[in-house]
Every structure is written in C-alpha cells, then in structure tokens.
Amino acid sequence: DASGRASSGSGTVSVNLTLSGGAGGISSYDGAASGASAGNGASVVLGNAVEGSTTGALSLSQQAYGGAGGYAYNAQSGSGGNASSSLVLSDSVASSLSLYAGANGGAGGANYGGSASNLVGAAGQASALADGQGSGTVNVYSYASGGDSGNTNSAATTQGGLASSIARGSSSGGDVAVTARARG
C-alpha cells in the first residue's frame with residue numbers, strides 16, 4: 001500500500017506515485033518431478049492514492065505495475081500480476097488540473113523444458129481510469145498495458161494480457177484535453 005499527498009496555499013503542487021508488485025518465485029530444475037510450480041506475480045491496485053490541494057497548478061500521477069510471474073523448468077510457470085489504477089478528482093479551487101493514471105500488467109512466467117503451452121504463465125491484465133473535473137485548464141491522461149506473454153522454447157506461447165483505459169475530463173471555465181491509451 002502506498003499514498004502521496006502535498007499541499008500549498010498558492011504554489012504549484014505535484015504528486016507522483018509508483019507502486020510495483022513483487023515477482024513470483026522460480027521453480028528450478030525439473031519442477032514436475034518435485035511438484036513445485038513457480039509463483040505468481042503480485043497484483044497491484046491503486047485507488048485515488050495521490051492527493052493535493054492548492055489554488056495554483058495541481059498535478060497528480062499514479063502508476064501501478066503488476067509483478068512478473070516466476071519462470072519454471074518443466075513445471076507450471078507463474079502468472080503475471082494484474083494492475084489497476086483509478087484516479088478520480090473534482091477540484092474547483094486549483095487554477096489548472098492535470099491527472100495521470102497508469103497500469104501495467106506483469107509478464108507471464110517463461111517455461112523451459114516443458115512440452116505444452118499450458119505450462120506458460122498467463123499475462124497480467126491492466127485497467128486504468130482517470131477522471132478530472134476542474135474550473136481552469138484540465139488535462140487528463142490514462143494508460144493501460146497488458147503484460148507480455150510468457151515464452152517457452154518448446155511450444156506455442158499464450159496471449160498477452162488484456163488492457164482497458166478510460167479518460168474523462170470537464171471544466172467550468174477552461175480548456176480540456178483528454179487522452180486514453182491501451183496496449184493489450
């Protein structure tokens with residue numbers, strides 16, 4: 001769990017936060033014989049983890065990274081962790097508002113020595129939502145990237161992780177720019 005907060009009477013306020021999930025443990029030589037599978041990457045969820053207040057410019061950014069799945073030799077590899085980042089703010093005091101929410105799913109664990117693609121770890125999914133309402137200039141950006149597929153040296157790989165990105169913005173008296181990007 002992580003959070004960030006800053007405030008100023010009238011100066012510029014910028015808060016940036018990144019939270020990364022841990023990688024799954026590995027299953028080394030001939031895990032199938034011992035029944036030992038690799039570990040899954042940790043999932044990360046951020047919901048309004050950054051806050052700030054000012055009558056000046058306000059910029060808030062949060063980024064979530066799912067952990068990578070552990071790799072295995074001739075056993076089940078770990079799945080990549082999912083990542084979710086949601087940042088929603090209504091602020092009528094700041095002269096300008098900038099929001100960024102990012103999420104990156106963890107990569108699926110690689111598999112070596114196995115003969116079936118189902119031994120490859122699944123890729124983590126990602127979802128990002130940024131929604132800002134202000135009274136001055138408003139810039140809102142969201143980005144989500146699904147994790148990469150685990151690879152293998154002896155079978156087909158699995159698909160990459162799904163990604164969903166939503167950005168919304170509005171202002172009672174300023175320009176508004178909204179960008180949403182997704183890679184899955």
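**Exercise 1. Determine whether Tyr-71 is buried, partly exposed or exposed.**

Solution. Step 1: Tyr-71 has a relative accessible area of 41%. Step 2: Buried means under 20% relative accessible area, exposed over 50%, and partly exposed in between (1.4 Å probe, protein chains only). Step 3: Tyr-71 is therefore partly exposed.

The structure is a predicted model, in which local features need pLDDT of at least 70 and side-chain atom pairs count only at pLDDT 80 or more, while totals for chains, interfaces and linings use all residues. Residues are numbered from 1 along each chain as its sequence is written, and side-chain values use heavy atoms, with hydrogens and water left out.

**Exercise 2. Classify the aromatic pair formed by Tyr-71 and Tyr-112.**

Solution. Step 1: Rings of Phe, Tyr and Trp (its six-membered ring) pair if their centres lie within 6.5 Å; planes under 30 degrees apart count as stacked, over 60 as edge-to-face and the rest as tilted. Step 2: The structure holds two aromatic pairs. In the pair of Tyr-71 and Tyr-112, the centres are 6.1 Å apart and the planes stand at 75°, so the pair is edge-to-face. Step 3: Tyr-71 lies in the loop between strand S5 (57–65) and strand S6 (72–73), whereas Tyr-112 belongs to strand S9 (residues 111–112); the two are 41 residues apart. Strands (E, at least two residues) and helices (H or I, at least four) are DSSP runs, numbered from the N terminus. Step 4: Tyr-112 is also partly exposed, with a relative accessible area of 36%.

**Exercise 3. Classify the aromatic pair formed by Tyr-100 and Tyr-141, and state how accessible each residue is.**

Solution. Step 1: With 5.3 Å from centre to centre and 20° between the planes, Tyr-100 and Tyr-141 form a stacked pair. Step 2: The pair links distant parts of the chain, with Tyr-100 in strand S8 (residues 96–104) and Tyr-141 in strand S11 (residues 137–145). Step 3: Tyr-100 is buried, at a relative accessible area of 18%, whereas Tyr-141 is partly exposed at 27%.

**Exercise 4. Describe the open sheet that contains strand S7.**

Solution. Step 1: The sheet has four strands in the order S3-S7-S10-S12, with parallel pairing. Two strands pair if DSSP finds at least two bridges between them. Step 2: Strand S3 (44–47) and strand S12 (163–171) are the edge strands, since each pairs on one side only. Step 3: Nine bridges join strand S7 (residues 83–91) to strand S10 (residues 126–134). Step 4: Ser-85 stands opposite Ala-128 in S10.
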